[in-house]
Amino acid sequence: MLGASMRVAQAPFRLNFRDKRTRGILYQCLCVASVVAAGLYLFNNVSENLARQSIATGFSYLWREAGFVISQSPIDYQPSDSYAKALLVGILNTIRVSILASVAATIIGTLVGIGRLSSNPLFARLMLLYVEALRNVPLLLLLFLCYAVIVTILPPVREALQLLPFVFLSNSGLAVPSIAWSNDHTMIAAAFLFGCGLAYLYARHLRLRRIESGTDQSNWPLISAIIAIPPLVAWLILRPELDLSLPELGRFRLAGGAQLTPEFVALFVGLALSASANVAEIVRSGILSIRKGQREAAAALGLRSSRIMRLVILPQALRVIIPPMTSAYLNVFKNSSLAIAIGYPDVVMVSNTTMNQTGQAIEPIALFMLVYLSLSITISLFMNWYNARVALRER
Amino acid sequence: MTAEDVSISVQRYRPSLSLKSRLKPYFGTPVNGAITVGCILIIAWALKHVIAWLLVDAVFTGAPAVCQQQGGACWPFLVAKMRFMLFGFYPFEEQWRPLLALLMFFGTCGIAMIPMFWGRRLLVLGAAACIVIFWLMLGGFGGLVYVPTSKWGGLPLSFMLSAVGLVCAFPLGVLLALARASNLPAIRVLAVVFIELVRGVPLISILFMASVMLPLFLPTGVNIDNLLRAQVAIILFAAAYIAEVVRGGLQALPKGQVEAASAMGLHYWQTMRLIVLPQALKIVIPPLVSLFIGFFQDTTLVTIVGLLDFLDTVRAAMRDPQWQGIAVLEGYVFAAFVYLVFSAIMGAYSRFLERRFRVGHD
């Protein structure tokens, strides 16, 4: 805590218990020693117990045949595949439901958050009711409720509800259109990303030129063209077949499309709803944090209202919104572990099955904790980077 | 005060009574009017369905078979299963004990929520209530039959897990926050590692660790029962989150406070106990209460490691062969209602505290 200049002025260090620094070092040594001792003691117990119960150790089980079925998988998986691949399927399932729920929660939450500030008292109260109801019910209960509604209340497939054209909801889940993804599609997506990268570089170049010259350099037609041309060219060269499969309501079942299981739908809906209540509160406080004077001053400078939003209000609101939003997204990701309660094969459920089959408890738990930790750290690093970009540049 | 002042203040405090000005926020502009009508339609639609389910189509008395025919809520299910949902597998004749414990818990909490009673005597009262409640629940001496923790369940278990968890996690969290703000690097690093590790993983993984891995970490022959293991997991989990909230309070405190305390000759623990913590904790009371609401809801996760908390007894009641497939929503709706009521009370209390602490120093 002391500044460098003050440290110079202090007395030379001597090994004396009266000296604060000596005591500090002593305390730290004691602390570290007790942690290390506790760790050794536990490690000793573990190895003793494992040897006594003759439980295997190590990660070699990962390459053995898993032998269990996973009800849904974004990649091709068979029970004859290894435990490692089953774990990968679990991780992908976790990521998939977390990302989809985060996107949905952001959209719903932003609308509800703005709605809570509506000048119409009735509408604002209704939005408040939405937020309070969702915040005061445990997520696990919400998931059970969603699952029960889907499985027992919704009609069977024969009488599936049609939500949108080609989207059917029934007690066996949600049927949506799907396309058969091929390598050609991947190439086109890569070309699109390449175009976006080029456009970003060009936009940065334009911004630097604008700062240098002080005149408007924007060239939206060219930037749009840079984004659009690579995927268009790729499409023209490859000419992939658009194998779009649409679900159709037959006499007894839905044909075609992709079927999302009730577990996935329940988890997605529960996570998205509960997170949307948090997002709504975050957005609301972000908007409230901008003083009225900011808008008025920008208007007095002659900015158009769209520019006021883009250049004055949003950059400041984002600064307030982003840190809590990061933890909201992290919460969605961590809460997706409740999937095990309703039977969605996420990383925890796959690890749990692995644990039961191999009898090894420590390694699967350590692995899925590692997965959560590394993904949490990745998300927070990304959001910190983004936050640093929009943060107030203090002199 | 002059006559003019009085008239102005009277004008300000009397709400305008004209119908037009009252309706203006609802129907001021065409868009606003459309929104109002839309809201009224949504509310009417929802109310119609809720009333139909809860009252009109509902079954109030009768056997499970009657419920199966009707589409509405099945109240006989709630009546028949109420005691099981509230107290789980606690011996039936002894269920007055958890009920009494629950009432004592509510009474103590009610007293503890009133700022007038805050102080040392409250700690004594809390400790006494804690001992009596445990005696009531566990029994074994003083004329009460011993009831093992494996028989505990329902609402008392949920409240106990959250209350004991928070009472134990709070001092631990404060210590962790102090350690993280310490200028001794080794202690700071240890605190940061613990806090970030716990916050980086979901609660369910820590519960799994406690229920599956902990027995392996203990010396041969030592066994801790399932309830205590889950309780330890909740304490450690809560401590990390409390530490982060308290750290916010510590950071919000001007540095001059610590420097002034040092200048007065106070040593570290005196500074913390007398100067820093009273001010820092006061700042973070509202966020702490909302954190507590979250933990109260998170105790439902012990269901997954096989403890019979309130949500689990509700689910067990719904799985009862007699009622299975009949009361598919009633149990969940009842549980949601219970959680909603208790969370809403705590939320209202949090807002009360926020108002109370807003006036004061600045």
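Guide: Two residues are in contact if their C-beta atoms, placed from the backbone, lie within 7 Å. This is a predicted model, in which local features need pLDDT of at least 70, side-chain atom pairs count only at pLDDT 80 or more, and totals for chains, interfaces and linings use all residues. Residues are numbered from 1 along each chain as its sequence is written, with chains lettered from A and ligands numbered from 1 in the order in which they are written.

Visitor: Which residues does Leu267(A) touch, not counting those up to four places away in sequence?

Guide: Residues up to four places away in sequence are left out of the list. What remains for Leu267(A) is Val97(A), Leu143(A), Ser336(A), Ala339(A), Ile342(A) and Tyr344(A).

Visitor: How are helices H6 and H7 of chain B oriented towards each other?

Guide: Helices here are DSSP runs (H or I, at least four residues), numbered from the N terminus. H6 (residues 96–112) and H7 (residues 120–138) of chain B pack with their axes 9 Å apart, at an angle of about 170°, where axes are lines fitted to C-alpha atoms over the stretch in contact and angles run from 0 to 180 degrees between N-to-C directions. Because angles over 145 degrees count as such, H6(B) is roughly antiparallel to H7(B).

Visitor: How many residues does each chain give to the contact between chain A and chain B?

Guide: On the side of chain B, the elements that give two or more residues include helix H3 (30–56) and helix H15 (330–358). The contact takes 41 residues from chain B and, from chain A, 47 residues.

Conventions. Angles under 35 degrees count as roughly parallel, over 145 as roughly antiparallel, 65 to 115 as roughly perpendicular and the rest as oblique.
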